[in-house]
Structures are given as C-alpha cells and as structure tokens.
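Visitor: I am new to reading protein structures, and I would like to be walked through this one step by step. Could you take my questions in turn?

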Amino acid sequence: MTLEHSALRRDADAIVAASLRAVLPDAAVRKALAGHEFAKGKLVLVAVGKAAWQMAKTAAEMLGDRIHDGIVITKYDHVRAPIPGLVCFEAGHPVPDANSFAATAQALEMTTDLCADDTVLFLLSGGGSALFEQPIIPDAELAAMTEKLLASGADIVEINTIRKRMSAVKGGRFGAHCAPAQVLSIVLSDIIGDPLDMIASGPAYPDSTSTEQAKAIVKKYRLELSDAAMALLDEPLPQKLPNVETHITGSVRELCAAAAAECRRLGYDPHILTDELAIEAREAGRFLSAVAKTHRGDGARAYIAGGETIVHLTGHGKGGRNQELALAAAVGLAGMENAALLSFGSDGTDGPTDAAGGYVDGHTSAELAARGIRIDDILADNDAYRALQAVDGLIMTGPTGTNVNDVAVLLIR
C-alpha cells in the first residue's frame, strides 16, 4: 500500500464519520419539539423507520412521563437498548414480515379510540414502507409484489405509489385512523425532493398520486396483481388530514453539505455535483470515474453526489447500490495513484448487507484481478459485497440511527 493509497483511505473514513455525525436526528427532533405545547390529553408516541430508535430515544428524554404509551418499529439490529416507557419492535426490511404486521397492529391498537384532546407524536423515517404495514391484500402477494418492484429497477416513488394502495396505514390512512386526535408528525426525509406523501409511503400525509399513475406503473413493470389488488388501485386515499401537523427534518442536502465541509477541512476543494442522483448505480460509478480522469491534474478536489441510485437485479449475489456504484467506478480509476471513491448509505446498511457501502481506488481493479475476480462478472451477478470484502473495500458503520439517502464522494489528491 502506497502512502497516497493509505492517506486516501484515511480521508474516506473521516468523511464518512463526519457526515454521519452531522445528520443524526437528535438535534432535529429536539428542535421540532422545543416549546411545543401538547393538548392536555394522552400523548402516544409512534416511531417508525430505520432511524426510529434514535428519534424515539431523544423524544423520550425530552418528554419523560408525559408520554402515556409508545412504540418503536425499526429494522433488525437497530434497537440499541430498551427505552423506558416504550415497547421496541424489530421487523423486516425491505420486504415486510410477520413482525412488521404484529408491530403495526399494536401501534394501531395504541391509537384507537383517542379523543380530540389526545395527541399522537409520529416520528417517521425511511424504511417505514416495509416496517409499518397492515396489508389489505394477502401477505404472500404483498411480498411478491414488493420483491418484483425492488428487482425491476423501479424508483422509490414508483414503488410507494403502488404500496400505499395495498395498505391500511399508508397513503394518509394512519393519520385518518388517529382522528379526532391531533397528530404531530416529525419526518426524517430519505427521498430526493422530500415528497412527504412518499416518505415511508406517507402514513400521515395526504396522497398526491392518481389512479392513472398507479396503473401505469403496474403496466410498466408488468406486475401480476390479483383482481382484488387491481381493484384497490381505484380506491380513494385521504386528500385532506386537518388533524395532522407535519415538520420535515434532515435530508440528503445536509448529508452532502456535511461531506463537503469535511473534505474542505481535509484540504480538498469540494464540489457538490448534485443532491438528486437517481440513475443506475453502475452508471453513476462510471460517470464519477470519468470525472476523475478529467480532473486528475487539477489539484486536491472532491466531487460529491447525493441521492439514491437504482439497481436492476441480473444475478443472485450479495451487495447493495452503494457497493455496486463503487465497484463500477474501480474500472475507470485503475492505475490512478491519486484518486479514490467512496459511496455509502447514511443508515449504515446498503441493500440486504451489513455494510454501509464501498471504497475503491486506483489499486482496487488490479488487486481483484490478482485474486482472479473479474469486475464485470461480479457486477453481472450483483455480488459487489464479495469483491469489496476481498480487498478491504467495505465501509462498515453498523446501524447509524439516521437515514437521509446516500452520498458518493470522489477524492483526487
């Protein structure tokens, strides 16, 4: 390993750590709750999503015994410790499972028969579409539909446009369920542009999509839905929720800004290319490696792209969109001593793996070749995890307590 090689990896690790510190939801939850006057009745806390534990912990520290009842529903291995007064569930993601359904049923029970003086504090973050679910189609059909959409390359807005119509809690239906109680919804955004009716499929926000849009998505991805599921596409979703007040907190813009600030501290001239990256992961990696070739003689620079790329599953390997982006960039970076790329998900889990993302540099391609690993074969099998693991290219953070999309950073020293 050259000195330049090791310095790039140290910088990459520092950028990951600093970026994540800046987008933890603690401060955002405190700001949203500071000075808020709740009605005199019951206060029920419902926290849903990958960042649910962290958000609920902060709220519980602030509100203490004021909370009458509460529940946390988050992804497996994301509950760090018990929270006094709250029941914590871990459930399936990205496909809902029996724990998703059981936890949601308990949340619905907690928020049934409330009165106008009661309040539901609803803490919502990405991942809630799978974690918070009471399907109105058979469980097996819901799982098959979700898996087909995820594998097809559909973006999150398309996926959630369909999912909300198959659910008793999505598309504003949970907000309507809580009425006449007031709902204070604090939302941590994980979708580009922060569309509130799409984050976790909008359980407490009016729907903005149409039946025609939903049917077009079914046709585009050739979904095979039952007659009952097709009929649900015509069912109206709540258009108004006068009992709901919504505050949006962190987003991918903050993640990109934090990455840029740390790059600047490390001596790079940072450039945020976009915070709305929404293309194929492989294409994003190839594009960023092409940027490296153009600017490799321009001094210490960092190019930052935030958003959420997509992956078409063509194989049966292990990986995620950030790992695939990084590995695709490794080909273009081959032989460049002064360039590296890192890409990671802010929640600490990339796809169905325990890695947050991947790191590559000018040595990665040759190191893989020396082990008999061909990048093209790995990408065709969607097996980026195995390749990056072989060359110490996985970014491992563990669950972070936040979830505001992904960021890729190209470093040129």
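Visitor: Which residues of helix 13 does helix 12 meet?

Guide: In this predicted model, the helix 12 side of the contact is made by Ala281, Arg282, Ala284, Gly285, Arg286, Leu288, Ser289, Ala292 and Lys293. Sorted by class, the contact between the two helices has eight nonpolar, three polar and five charged residues.

Visitor: At roughly what angle do the axes of helix 12 and helix 13 cross?

Guide: Helix 12 passes helix 13 in a crossing that is right-handed. The two axes come within 7 Å of each other, and the angle at which they cross is roughly 35 degrees.

Visitor: Which strands does helix 13 lie across?

Guide: Helix 12, residues 281-295, lies across strand 7, strand 8, strand 9 and strand 12, and runs at about 25 degrees to strand 12. Helix 13, residues 321-333, runs at about 5 degrees to strand 10. The strands that helix 13 lies across are strand 7, strand 9, strand 10, strand 11 and strand 12.

Visitor: In what order do the six strands of the open sheet come, and which are the edge strands?

Guide: The pairing in this open sheet is mixed, and the order of its six strands is 7-8-12-9-10-11. A strand at the edge pairs on one side only, and this holds for strand 7 (269-277) and strand 11 (394-395).

Visitor: How many bridges join strand 9 to strand 12?

Guide: On one side, strand 9 pairs with strand 10 (residues 357-361) in the antiparallel sense over five bridges, where Leu342 stands opposite Tyr359 and Ser343 has Gly358 as its bridge partner. Strand 12 (residues 406-412) also runs antiparallel to strand 9, and here Phe344 has Val407 as its bridge partner. The number of bridges that join strand 9 to strand 12 is seven.

Visitor: Why is strand 9 largely enclosed by the rest of the structure?

Guide: In a regular strand the side chains alternate between the two faces of the sheet. In strand 9, Ala339, Leu341, Ser343 and Gly345 point one way, while Ala340, Leu342 and Phe344 point the other way, and all are buried, where buried means under 20% relative accessible area. Strand 9 is largely enclosed because, of its seven residues, the number that are buried is seven.

Technical notes:
Residues numbered from 1 in each chain as written. Predicted model: local features only at pLDDT ≥ 70, side-chain atom pairs only at ≥ 80, totals over all residues. Heavy atoms only, no water. Buried < 20%, exposed > 50% of the residue type's maximum accessible area, 1.4 Å probe, protein only. Helix = DSSP H or I, 4+ residues; strand = E, 2+ residues; numbered from the N terminus. Pairing = 2+ DSSP bridges. Contact = heavy atoms within 4.5 Å. Axes fitted to C-alpha atoms, helices over the stretch in contact; angles between N-to-C directions. Left-handed = near helix turned anticlockwise from the far one by under 90°. Nonpolar A, V, L, I, M, F, W, Y, C, P; charged D, E, K, R; others polar.
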